[in-house]
Amino acid sequence: EVQLVESGGGLVQPGGSLRLSCVASGFTFGSYDMGWVRQAPGEGFEWISAINSDGSSTVYAGSVKGRFTISRDNAKNTLYLQMNSLKPEDTAVYYCATATIRNGAPDFGEYDHWGQGTQVTVSS
């Protein structure tokens with residue numbers, strides 16, 4: 001079956017960095033756009049970033065642009081999110097998911113493949 005497994009979350013101080021990974025299996029990873037979505041405590045889902053199937057194009061939400069970098073390694077079936085200059089407001093559960101990028105923004109509902117999430121806590 002389709003499986004997406006996130007890792008790399010944890011507790012970090014403001015200004016610090018984390019690198020999230022998402023290992024995919026059960027589908028042709030290199031044929032799908034992919035992205036990251038987060039849910040802060042008591043909040044709804046917010047898309048963070050997405051990358052097209054071959055990794056040649058990326059999009060970012062304004063809240064993370066310039067601080068986060070999305071990438072992928074199709075040979076390893078793995079999606080990454082490098083998170084720098086972290087802020088307390090970045091505290092959330094982070095999910096990877098299949099996506100469809102249209103008009104500069106990702107749609108995560110078309111294929112509905114999501115990971116279990118990894119917790120990121122930014123606090124001093």
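Let's start with S49. S49 sits in strand β5, residues 45-51. Keep in mind that this is a predicted model. Is S49 buried or exposed? Its relative accessibility is 0%, so S49 counts as buried. The cut-off for buried is under 20%.

What does the S49 side chain reach? The backbone oxygen of V59, at 2.7 Å. Leaving out residues up to four places away in sequence, S49 touches G35, W36, V59, Y60, I70 and F108.

Next, the disulfide. The count is one. C22 is joined to C96, with an S to S distance of 1.9 Å. C22 lies in strand β3, residues 18-25, and C96 in strand β9, residues 92-102, so the bond ties together parts that are 74 residues apart in sequence. Which hand does the disulfide have? The torsion about the S-S bond is about 50°, so the disulfide is right-handed. Both C22 and C96 are buried.

Now the core. In soluble globular proteins, nonpolar side chains tend to be buried together. Here, the largest nonpolar core has 26 residues. Which of them touch the most other members? M34, W36, F68, L79, L81, M83 and Y94. The elements giving two or more residues to this core are β3, β4 (33-39), β5, β7 (68-73), β8 (78-83), β9 and β11 (118-122). Strand β3 gives the largest share, four residues.

Terms used:
Residues are numbered from 1 along each chain as its sequence is written. This is a predicted model: local features need pLDDT of at least 70, side-chain atom pairs count only at pLDDT 80 or more; totals for chains, interfaces and linings use all residues. Side-chain values use heavy atoms; hydrogens and water are left out. Buried means under 20% relative accessible area, exposed over 50%, partly exposed in between (1.4 Å probe, protein chains only). A polar contact is a pair of N or O atoms within 3.5 Å; within protein, one must be able to donate a hydrogen and the other to accept it, and residues adjacent in sequence count only if both atoms are side-chain atoms. Contact means heavy atoms within 4.5 Å. A disulfide is a pair of cysteine sulfur atoms within 2.5 Å. A nonpolar core is a set of buried Ala, Val, Leu, Ile, Met, Phe, Trp, Tyr and Cys residues joined through side-chain atoms within 4.5 Å.
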